[in-house]
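Please view the sequence and the model alongside the text.

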Amino acid sequence: MLMHRRMFAALYSLLLVVLLGGSSQAIPAFSRQYGTSCSTCHVDFPKLNDFGKAFKDAGFKFPKDDESFIKIPPVLLGAPANKELFPHSIWPGSIPGVPPIGLRYNHFFQVVSANRNNFNLQNTTGDPALNQFIPRTDFQTGLFSIFTAGNFGSDIAFWVDDDFSVGGANSNGGLGDGYLKFVNVGRFLKLPTDALSLRFGQFELDLPFSQARSWNLSGWDIYDQPNIGSSSKNVNNAFALANAAQGVEISGGHQYRGYHYSLAIVNQNTGGTPGSGGNVPAVVGYTSDSNFKDLYGRFSYRFNLERDPASRSEIQAAGATGPRDHTYLSLGTLYFYGRSVQRFQGQDASNTPVVITAREPFYRVGGDFSFNYHALNFFGQFLYGRDQNLLPLVPTGTPLQLPIGFTPGSAAHFSGGFLEADYLVYPWMMTIMRWDRVNSAADFLNGIGADQNSFAAPFLSPVSTVRNRITPGIQFLIHANIKTSFEYQIRPKQVVYAPGTSTTLTSPFRTNSAVAGLEFVY
Amino acid sequence: MSRIYLVAILVSAMCLAANAGTISGKVSGVSGESVVYVDVIQGKTFPAPGDHPLIDQKGLMFTPHITVVQVGTTVDFLNSDSVAHNVFWTSVGGNKKLTHNLGTWPKGEKRSFKFDNPGAVPLLCNVHPEMAGYIVVAPTPYFATTDKSGAYKIENVPDGSYALTAWHEGAKGQSKPVTVAGDSKADFTLTK
């Protein structure tokens with residue numbers, strides 16, 4: 001029962017992410033500040049072109065001669081000459097001349113296939129309250145969000161985004177990213193330009209392809225994949241790579257050529273329950289649920305493939321009719337190491353009830369590539385996840401029948417990834433073809449065991465350990481800041497089982513869905 | 001003998017000067033700079049000027065925003081920005097067959113193009129779609145741009161009857177006949 005609730009929670013979250021999390025963010029604040037179009041930095045917002053990547057790398061600034069491009073001068077928070085007085089003056093900085101605010105709203109329309117309510121077959125109680133009802137069609141309000149970003153001078157960049165409302169409800173979206181980034185601090189150590197930057201705050205891990213700022217209507221499945229063990233395992237790790245992380249990151253290099261790396265130390269919280277304590281009240285609260293801090297690392301190298309060496313090193317390649325993104329091949333790898341924590345009621349050697357803690361190390365390792373040739377971008381990600389599985393050790397003959405510790409069991413693991421091809425037919429039209437794949441034996445087994453009192457959502461019960469999703473799509477820019485997107489999800493095959501058994505009640509079916517989104521930023 | 005030629009030339013020049021007038025007036029209905037020029041004069045050609053006007057791409061803008069040249073003029077395009085730029089136009093005088101793309105060049109370098117066809121040339125950059133500039137290629141050397149009040153003045157126009165055209169980037173162009181005999185007046189009210 002507990003396992004089903006966990007599974008339901010995880011997959012319901014996944015569904016919400018799919019429906020609402022097509023996070024697309026372009027930055028109108030930059031458009032206003034520099035007097036330039038979204039398409040200076042974006043191919044099909046929020047997908048960055050090479051210049052946008054360089055702009056981001058530089059700390060939300062033009063990589064060269066930034067001052068000459070700013071149409072609205074920043075407000076100085078101290079004359080530059082104050083640097084001479086330091087430490088007897090505050091180091092002079094600046095704030096953008098206009099509030100660097102961007103707003104975003106999106107709206108969806110969804111059509112779901114006729115078998116969407118098949119899981120009601122599991123309800124043999126006759127209680128209508130247990131039945132789900134998913135409408136065939138639905139208009140769905142998405143996100144209304146604010147985001148602010150810019151540069152405070154001295155190469156200190158900032159970003160904060162927050163959802164005012166999600167699905168029409170008030171302020172339950174919460175904070176997305178919120179961080180300060182000290183760009184190119186390696187200059188103090190005589191390191192090459194942009195070799196070292198520091199970031200503090202809450203941020204999306206430096207994923208090869210940003211889920212938080214994905215241009216797709218639905219996120220990539222593998223980035224939202226938790227590792228919830230089957231009932232024979234004692235693994236309950238809700239961590240997913242797309243989760244926001246709180247911590248510190250050092251990074252360097254460039255996204256538009258050469259090497260790029262990121263190393264981060266972030267909070268550990270795989271259970272979803274924040275730490276708390278009355279005797280040591282926190283200033284604002286605790287996010288971690290253990291002492292351990294997780295580690296994330298990523299390294300990538302991008303080969304620009306133009307024949308002309310001078311063109312290869314530029315931010316954008318010089319095409320016959322104008323600058324364009326490079327023809328390139330980027331290869332990368334990522335590694336995440338954490339330690340999932342579960343606490344249980346146990347007993348000590350004297351049969352006294354105590355709290356015992358299972359600390360289960362886990363890792364995610366992956367590789368990625370991205371190949372770009374003119375208007376075609378083909379890219380993919382592979383990811384493997386493994387969680388150590390510590391089974392409760394309950395000695396026989398003790399009166400409490402509570403575990404005294406843990407014994408290693410077979411690890412819980414999953415794998416998968418995605419391949420995607422984006423083709424820019426016109427500057428305002430992009431076609432997309434995606435293949436998402438997740439291989440998780442636990443997800444399969446958890447789906448089998450659904451019972452008549454706890455089956456509450458569709459998309460729960462894959463027909464095998466492998467879930468494949470094919471997602472063609474097309475997106476149109478009505479203006480540079482208004483986009484309409486269409487996506488058809490050929491979803492994984494699933495099957496409905498009789499409650500508590502492995503007897504199937506249906507033939508394998510796919511609950512496909514078509515989604516249209518309308519989004520604008522301003 | 002040479003003195004006779006010299007006197008004849010001077011007299012001719014004085015006669016021409018005496019027969020050259022001024023067209024002045026006001027362009028209303030629009031804000032910002034307009035261009036007014038004498039349209040094609042049948043049977044008359046004018047030598048192309050040797051000067052190369054310069055259009056700079058600086059701060060993600062074409063500077064100047066509007067350049068007026070005579071047919072046959074070569075215009076130089078400079079990139080002063082540290083970002084890549086491109087210059088292209090989709091038509092000349094509305095003729096889409098005259099579309100042209102000058103390509104890309106780095107900071108500090110120039111490219112040139114000779115404009116042999118009259119009409120307005122909308123300049124664009126395919127990297128920064130907000131960038132806009134105009135070249136108005138006038139078929140005669142008789143042209144002027146308006147000041148802030150919309151007033152213009154074209155000097156040294158030989159006496160005669162011509163078609164006078166007013167152009168503004170956000171309005172429909174307008175032509176009207178004008179007879180020049182000394183100082184002449186011609187006002188325009190442009191509409192979008």
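For the 522 residues of chain A, a compact globule would have a radius of gyration near 24 Å, and chain A has 25 Å, which agrees. The model is predicted: local features need pLDDT of at least 70, side-chain atom pairs count only at pLDDT 80 or more, and totals for chains, interfaces and linings use all residues. Residues are numbered from 1 along each chain as its sequence is written, while chains are lettered from A and ligands numbered from 1 in the order in which they are written.

**Chain A**

The C-alpha trace of chain A spans about 75 × 55 × 45 Å along its principal axes. Its secondary structure comes to five helices and 26 strands; helices (H or I, at least four residues) and strands (E, at least two) are DSSP runs, numbered from the N terminus. Of the 522 residues in chain A, 42% are buried. A residue is buried if 20 or more other C-beta atoms, placed from the backbone, lie within 10 Å of its own; it is exposed if 12 or fewer do, and partly exposed in between. Two residues are in contact if their C-beta atoms, placed from the backbone, lie within 7 Å. Among the contacts in chain A with a separation of 6 or more, 62% join residues 24 or more positions apart.

**Domains of chain B**

Domain bounds come from an automatic or database domain assignment. For chain B this assignment gives domain 1 (18-41 + 142-192) and domain 2 (48-138). The centres of domain 1 and domain 2 of chain B, taken over C-alpha atoms, are 24 Å apart. Seven residues from domain 1 of chain B and six residues from domain 2 of chain B form the contact. On the domain 1 side, strand 2 (35-38) and strand 12 of chain B each supply at least two residues. That side divides into four nonpolar, one polar and two charged residues. In this classification Ala, Val, Leu, Ile, Met, Phe, Trp, Tyr, Cys and Pro count as nonpolar, Asp, Glu, Lys and Arg as charged, and the others, Gly among them, as polar.

**Strand pairing in chain B**

Two strands pair if DSSP finds at least two bridges between them. In chain B, an open sheet of four strands has the order 12-2-14-15, with antiparallel pairing. Its edge strands, strand 12 (143-145) and strand 15 (174-180) of chain B, each pair on one side only. Within strand pairs of chain B, the following bridges occur.

| Strand pair (chain B) | Bridges and direction |
|---|---|
| Strand 14 (residues 160-167) and strand 15 | Seven bridges, antiparallel |
| Strand 1 (residues 20-28) and strand 13 (residues 151-158) | Six bridges, antiparallel |
| Strand 1 and strand 16 (residues 183-185) | Three bridges, parallel |
| Strand 1 and strand 17 (residues 188-189) | Two bridges, parallel |

Individual residues mark these pairings. B:Thr165 has B:Ser175 in strand 15 of chain B as its bridge partner. B:Ser24 stands opposite B:Lys153 in strand 13 of chain B, B:Thr22 opposite B:Asp183 in strand 16 of chain B, and B:Ser28 opposite B:Thr189 in strand 17 of chain B.

**Contact between the chains**

Chain B gives 15 residues and chain A gives 18 residues to the contact between them. On the chain B side, strand 7 (85-89) and strand 8 (100-105) of chain B are the elements that give two or more residues. Strand 8 of chain B provides the largest share, three residues. By class, this side of chain B has six nonpolar, eight polar and one charged residues.

Note on methods
Rg over C-alpha atoms; globule rule 2.2 N^0.38 Å.
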